[in-house]
Amino acid sequence: MTEFLFGGALAVLLTVALGLVRILRGPGDADRMMAAQLLGTGGIAVLLLLGAAVGDPAVVDVALTLALLAAFASIAFVKGAAK
Amino acid sequence: MAFAFDLALVLLTVAVAAWTIALRDGFAAVVAFVVYGALLALAWVRLGAIDVALTEAAIGAGLTGALLIGAAAAVRRATRTALPEQRPDLGTRTLAAVLCAAVAGSIAAGVLLLPEPAPSLAADAARHLDATGLGNPVTAVLIAYRATDTLLEKVVLVLAIAGVWSFAPDGVWGGRPGPAPAASQPGALLLLARVLPPVGVVVGAYVLWAGADHPGGAFQGGTILAAMVLLVVMAGLADVPRIGSRALRAMVLAGPMVFLAVGFAGVVIADAFLAYPVPYAKPIILAIEIVLTLSIAATLALLLAGPPERDAAPARPGQ
Amino acid sequence: MSALADAFTVVAIALGVVFFLAGSVGLLRFPDALTRLHALTKADNLGLGLVVLGLAAQAGSVLGALKLLAVWVLVLVAGATVARLIARAAHEPERGA
Amino acid sequence: MSTATLFGLCGAVLIGVGLYGLIVHPQPLRKIVAFNVLGGGVFLVFGVIARRGAGAGFGGDPVPQALIITGLVVAFAATALAAALVVQLARRTGTVSIAEDAGARESPP
């Protein structure tokens, strides 16, 4: 099961990396924010999978923190881009 | 499979780092930097440093990202002329690349040649853990063994605040940071600013409390609280307090002051500066941490808010 | 019991990965900002949801499983709001940047 | 190659990339970003040293880990101060380059 969880984490990381090409291409600020949003959600999924793989429940707290702060950073982006 | 994951993570991190440098658009570079911070948080989990992963997720990705995007937006508004592309010529860039490759190469060599067995203070940290009453060795290092570092770090934060405030024009000294909140905000933002902070305050308090025995602590909890306060401010539900406010300044100073008070009390009650009497070590540490969390939250939020720009308090006679 | 839970986990996480892949491909291939946003929000909310469900079956305690679900709910609430704000930003004309 | 060594090499490369950006970018805001990229690399190398010092039942040496946490907070404080300076520079000169005399020509009276 540990191997499968690492494999799942790797698969999510690679798909998210694919989406990150939007940061390079843009064209608008909104597109770049979407890529960051995708990485936020993907990063949380990878964290949860890693936490289960290594058997450390504290990793869930990291995911919780990332969820809160990613939302905060996204809103700062929207406010910054809109001004 | 674990190694394949690590390799992919390392390659992706390096690629995103290169983007933050290579991208022409400054806004895109900042977005890439937030992604970089989130990837580093994953790397910290892989290195078994969950405490650091928490801090990186909160400060490295979230708060620094919001800070830089705010600065980029302010610069964009203030800049009258379009930025000319004025990178150094090819010769200079090649020279810089060679220099940086040499630096990276020597550090890589240093990593490969690290001594075996690795020196470690883990055994010492474990031996004295019981005396602190804590279960998390990282918190023990931060608040007990190396408490002077943490005290000085709080002083650095206060100095940074003083530095940022000193950029205020004379006319608005003591006023409120940032532009006045807009009258109407999008409904979705208002909703989130009402729903998220209660959850965030609970998570922040939980992270602080968990920090005694599990990964977590004052910095991570304080950062989460700061982000929630700023969210409320961004949605226009509350205004930033005047920086002239005594309550606000007391809150910023509370962290280092409590630390100093405990430190000097240690000289009298225990036997050294910042020494805790062993039977009361845990309650003292928890008390310091709670004050630190609130103080860090206020300081980080004010650092993000920037220098005062408006709304100075009217001068009162006799002052 | 354990084999059944394991099978559920494998299926749910594999499906979750498929949704993440769909979201990424949509983000890359769809023609404009709003359709890309549509692909992103549908896919990553479901992707994370399936991963969370799969992992919840492995969690040792009910509390652990509830915490995982809490992360998902948090992402759903924040994600929906941010998506709406991004959509507004995408609609406004480009400023002289 | 062990996990720790792999991330150590990653840290070394990140330091090189960040340093390059710090040198070649004329815009101060980009320099701040590059500085933070460099800092991430330094912390990562430090984290590898922590990881190698695992023992006594801990996943890593707690002393370097605590120093990294302190370092992250101090780096944020420095970044906030630097960003406030850049914003002031842009507001007072109307430009954000530190190239020679870039702002002097058009600075307001």
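Modeller: In chain A, 77% of the 83 residues are buried, where buried means under 20% relative accessible area, exposed over 50% and partly exposed in between, with a 1.4 Å probe and protein chains only. This is a predicted model, in which local features need pLDDT of at least 70, side-chain atom pairs count only at pLDDT 80 or more, and totals for chains, interfaces and linings use all residues. Residues are numbered from 1 along each chain as its sequence is written, chains are lettered from A and ligands numbered from 1 in the order in which they are written, and side-chain values use heavy atoms, leaving out hydrogens and water.

Biologist: Thanks! How many helices and strands does chain A have?

Modeller: Chain A has 4 helices and 0 strands. Helices (H or I, at least four residues) and strands (E, at least two) are DSSP runs, numbered from the N terminus. The C-alpha trace of chain A spans about 45 × 25 × 10 Å along its principal axes.

Biologist: What about the interface: how much do chain A and chain B bury between them?

Modeller: They bury about 4200 Å², 85% of it on carbon and sulfur atoms. Buried area here is the accessible area (1.4 Å probe) that two parts lose on being put together, summed over both. In chain A, Leu68(A), Phe72(A) and Phe77(A) lose the most area to chain B, together 16% of what that side buries.

Biologist: How many residues does the contact take from each chain?

Modeller: Chain A gives 41 residues and chain B gives 50, with contact meaning heavy atoms within 4.5 Å.

Biologist: How many salt bridges are there across that interface?

Modeller: The rule finds 0 between chain A and chain B. A salt bridge is a side-chain nitrogen of Lys or Arg within 4 Å of a carboxyl oxygen of Asp or Glu. Over all chains the count comes to 6.

Biologist: Which residue does Asp61(A) meet in a salt bridge?

Modeller: Its side chain meets that of Lys67(C), at 2.8 Å from N to O. Asp61(A) lies in helix H4 of chain A and Lys67(C) in helix H3 of chain C, so the pair joins two chains. Asp61(A) is buried at 4% relative accessibility, whereas Lys67(C) is partly exposed at 25%.

Biologist: Is Asp6(B) buried or exposed?

Modeller: Asp6(B) counts as buried, at 1% relative accessibility. Arg46(B) is buried too, at 10%.

Biologist: Changing topic, which chains share the most contacts?

Modeller: Chains B and D do, of the 4 pairs of chains in contact. Chain A and chain D do not touch, and their nearest C-alpha atoms are 11 Å apart.
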